[in-house]
Amino acid sequence: MQRENIMNSLFKTLSEDLFIYPDSLRFTGDLACFILKDSHEKYLGIMGPEKLVRQNDFKDQTSSSIPTEGISGHIIRFFRRNNDNLKKLLNIFPELYPSPLGKDTSFGFGDRLGLANAAHIKTIKKQNTVLPVLAQQSIRELSKTNKDFNIIVAQSIWNILQEGYRDKWGADADHIKEKKYFIKAIEAGMTMYTLDTSEHLDEEVLNMTNSEIRGNYQLDEEYIKNIFKEYLDKKIEINGNRFDFNEDTVMHLALVYGKALKYAEEIFHFLSDRLDVFDYEISFDETNTVTTPVAHYFIVNEMRKSNVGFTSLALRFPGTFEKGIDYIGNLEEFERSINIHGHICRRLGGYKLSLHSGSDKLSIYPSFAKNTQGIFHIKTSGTSWLEAVRLAASVNPVFFRELFQIAFDTFDENKKAYHIDLDKNILPNSIKNVADKDLPNILDDQDLRRVFHIAYGAILEREEERLMKLLFENEQLYYDYLIGNFKKHFDALKY
Ligand SMILES: [Zn+2]
């Protein structure tokens, strides 16, 4: 059956208060599957020869069978988008499952609300060199949105079906520290595992001299001896940068990173024992310790020695990376840093550099893309949430003002989960004087962006239903906002 005939017939048959997502049409034999919505809900639609439609075992039918106009003997049925039906779809279309992306250039689109991925897919379809990571949440985000890995994977797949995406995509269990969460991520079929090493880094060592270290630490002499043997007086030069592995540097590297690297190795084996293929990212970003070029070399070399396979590495770059706003810091310093890290990455090979908190870091994107030669991973999440808040500001000012009040009232509590350098006292404690028409623009204010960014848990706890309803009713506008926002992100990645 021709795709065009099917679409024509669907439009002819279904009443005008039903919207069919045109890209969602997929075929399995003579059956056509598609996604549609009415004014309350989205559904899975099945169309095909009557006997075949009746035979298939999708559950929770929501409409009586509708004889199809224009194609005799065909009927249409609607079903709920529940987990049983999703499982059935995955059996029919196994290409819907996420998969590891390896060293391919990739971009993480965290979607805390479960409906932004559709716009992310529209964005990614226009790129031909970037693969998307669509389900991407940290434990912190899952607890604040009251979700789990299973839910976010399912939501991404429904978005993929809706938009008719057919290429590879990844699912990232982001910033995981403990094995119990890796287990949950494995059970949900995540394909990318991001280890947060921050609790195993010893940052106090940085401010100590070697004799202070010797006085303060119970050193593992055997380990130190081996590390000294490996690195002391090693002469490494990468693109004119000479790495000086003197006793002081080596001792510090061993003590700052030693435990974290041991843990990264342990987790790698933990994952390898349970999974055949997966993407493994080791992250050092959520710390105060800027990763020096020497440390980058040391980290990778140590991982290689212990045969730890990893696909990406998130370093801590100079400057401040606050969520949902542009980079704060010296652009030239960032450029110098990413330049040498890019060279190290290419020299050592086999992995890509990952940029976290990538939302709206537009000023460093060109330099990041250029110096990684376009082979990178970037993670965003907050920026898609903020576009949802912007939508509320533009279509329901009264509701938006309520959301602002929640964000303001819960600011001190919200701040506990995020490192943001912002004092509540400098914020306007009211947006009373802002005209309704100007409300969406206050989402461009760096301070208010951060206030709303960290408030997503508090807002969802109180107003999730109303917010989701608003987004559902204004879905196309939300997509337009997201597409506009990500166009800026991807334009900035051109170099
Ligand atoms: Zn991070």
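In this predicted model, eight strands close up into a barrel, running in the order β7-β8-β9-β10-β13-β14-β15-β16, and the pairing is parallel. From one strand to the next, the twist averages 25°. Strands of a sheet can pair in parallel or antiparallel fashion, in either case through backbone hydrogen bonds. As for individual bridges, S138 has D174 of β9 as its partner.

Next come two helices. A packed pair of helices is described by the angle and the distance between the axes. For α4 (residues 117-125) and α6 (residues 149-163), the axes come within 8 Å and cross at roughly 50°. The crossing of α4 past α6 is right-handed. On the α4 side, the contact is made by N117, A118, I121 and K122, while α6 brings in S156, N159, I160, Q162 and E163. Sorted by class, this contact comes out as four polar, three nonpolar and two charged residues.

Zooming out, the chain splits into three pieces: domain 1 (2-92), domain 2 (110-202 + 232-382) and domain 3 (392-491). Taken over C-alpha atoms, the centres of domain 1 and domain 2 sit 40 Å apart. Domain 1 puts eight residues into the contact, and domain 2 puts in seven. On the side of domain 1 that touches domain 2, four residues are nonpolar, two are polar and two are charged.

Technical notes: Residues are numbered from 1 along each chain as its sequence is written. This is a predicted model: local features need pLDDT of at least 70, side-chain atom pairs count only at pLDDT 80 or more; totals for chains, interfaces and linings use all residues. Axes are lines fitted to C-alpha atoms, for helices over the stretch in contact, and angles run from 0 to 180 degrees between N-to-C directions. Helices (H or I, at least four residues) and strands (E, at least two) are DSSP runs, numbered from the N terminus. A crossing is left-handed if the near helix is turned anticlockwise from the far one by less than a right angle, and right-handed if clockwise. Two residues are in contact if their C-beta atoms, placed from the backbone, lie within 7 Å. Ala, Val, Leu, Ile, Met, Phe, Trp, Tyr, Cys and Pro count as nonpolar, Asp, Glu, Lys and Arg as charged, and the others, Gly among them, as polar. Two strands pair if DSSP finds at least two bridges between them. Domain bounds come from an automatic or database domain assignment.
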